[in-house]
Amino acid sequence: MSRQAQEAREALGARLRGLRKDAGFDSGRALARALGWQESKVSRLENGKQNASESDIRAWCEATGRHGHIPDLIATVRHIDELWMEWRRQLQTGAETRQRKSLPVYAKTRVFRIWNPNMIWGTFQTAEYAAEVFQQGVSFYEFPNDTEAAVAKRLERQRYLFEGNRIYNVLLGEQALYANLGGPHVMRDQPDRLTALMGLPRVSLGIVPSAAPTAIWLGHSFSMFDDRLVLVETFSAELSVTQPREIELYARAFSLLSNQRCTARPPEGSSTPPGSTSTGTAHDDHRQGRESELRTELAHEHIHGNRELRGSRRRRSDRGSGAGHQEPRRTRSAPLPRSLGRLRPVRDKRTRRPVSPAYR
């Protein structure tokens, strides 16, 4: 649970303690007897060690004669629940409801800052990729299978990529290109989708290479919506962060991750994305080439399983750059998508020899 949610729970416990004392219950044991509870439950609620349910609030207020406090206290309980929403509770009727609830958040946001170390961000997913994600969720959380409806709602977000003046700063870990969701038939179109999105004027897509020096641990994925909300997903729950001091920490983390990325350009209509060192110089052209080739090679290697290409990359690291040098042929059984273009080796500036991808 986040610090913000814990502080809210402790504040609620302090209010409940005040109501108990005002009602003449000198100890938690006396109130527990009146309610038929164990004494430890009263203690946990008052000290913020346990979530209070709405029925707990009603029983507490009835025992202390403070019926007028019920609506306000229940609203507080619901707010705490929103700060820490367990997936089993959110998904008890299926995933479509959760996807529909996110649409107003996207509609109100102007600047998105997204970090996902090991999966393609939801708004950038193809329908097949999103369907596989939801199918895994159905298996893991055992909620009703409404994959088709959930995918439709997730894809509905994509209209905001083309509407208004929204700015998308998206960072993906290199593992997001490697992660095999559903096999080649699912993964085949995802690189084309990412490449197409990179052409949008207000989208900046960066890849954080696994070999890049780290200034901060990669951690978990998070989504920042302007400077008002951060959503953090864990295996057990979704955390909503709204406290300014906590949001600032996520902004700093995004800035540090941005310094590790390879990206082509900042989105149009924005200043340089947080943490970016892009200045429009030849250095940026070099970074653009690195990112394009990294994305192409990783996507082709992983999605199409082209062993011949991997072997050719190793061979060309040992080959000179003389006049007789020719690019190795690729197998025709696994062609690159046209949108990804032709591979060209990155050369060392001093020796002009091709550089192995592991040391770029």
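**Surface and aromatic pairs**

Guide: In this predicted model, the accessible surface of the protein comes to about 18,400 Å², and carbon and sulfur atoms account for 49% of that surface. The protein has 360 residues, of which 47% count as buried.

Visitor: How do the planes of Trp121 and Phe124 lie in their aromatic pair?

Guide: Ring pairing requires centres within 6.5 Å, and by this rule the count comes to twelve aromatic pairs. For Trp121 and Phe124 the centre-to-centre value is 5.2 Å, with 70° between the planes. Because planes over 60 degrees apart are classed that way, the pair is edge-to-face.

Visitor: Is Trp121 buried or exposed?

Guide: The cut-off for buried is under 20% relative accessible area. Phe124, with a value of 0%, is buried. Trp121 has a relative accessible area of 5%, so Trp121 is buried.

Visitor: What kind of pair do the rings of Trp121 and Tyr168 make?

Guide: The ring centres of Trp121 and Tyr168 are 6.1 Å apart and the planes meet at 50°, so the pair is tilted.
Trp121 lies in the loop between β2 (111-116) and α8 (127-141), whereas Tyr168 lies in strand β3 (residues 167-173), so that the pair links distant parts of the chain, 47 residues apart. Both residues, Trp121 and Tyr168, are buried, and the kind of pair is tilted.

Visitor: Which residues do ring pairs link into a cluster?

Guide: Trp121 pairs with Phe124, and the rings of Trp121 and Tyr168 also form a pair. The cluster linked by ring pairs consists of Tyr106, Phe112, Trp121, Phe124, Tyr168 and Phe225.

Methods:
Residues numbered from 1 in each chain as written. Predicted model: local features only at pLDDT ≥ 70, side-chain atom pairs only at ≥ 80, totals over all residues. Heavy atoms only, no water. Phe/Tyr/Trp six-rings, centres within 6.5 Å; stacked < 30°, edge-to-face > 60°. Buried < 20%, exposed > 50% of the residue type's maximum accessible area, 1.4 Å probe, protein only. Helix = DSSP H or I, 4+ residues; strand = E, 2+ residues; numbered from the N terminus. Areas by Shrake-Rupley, 256 points an atom, 1.4 Å probe, with all protein chains shown as cover.
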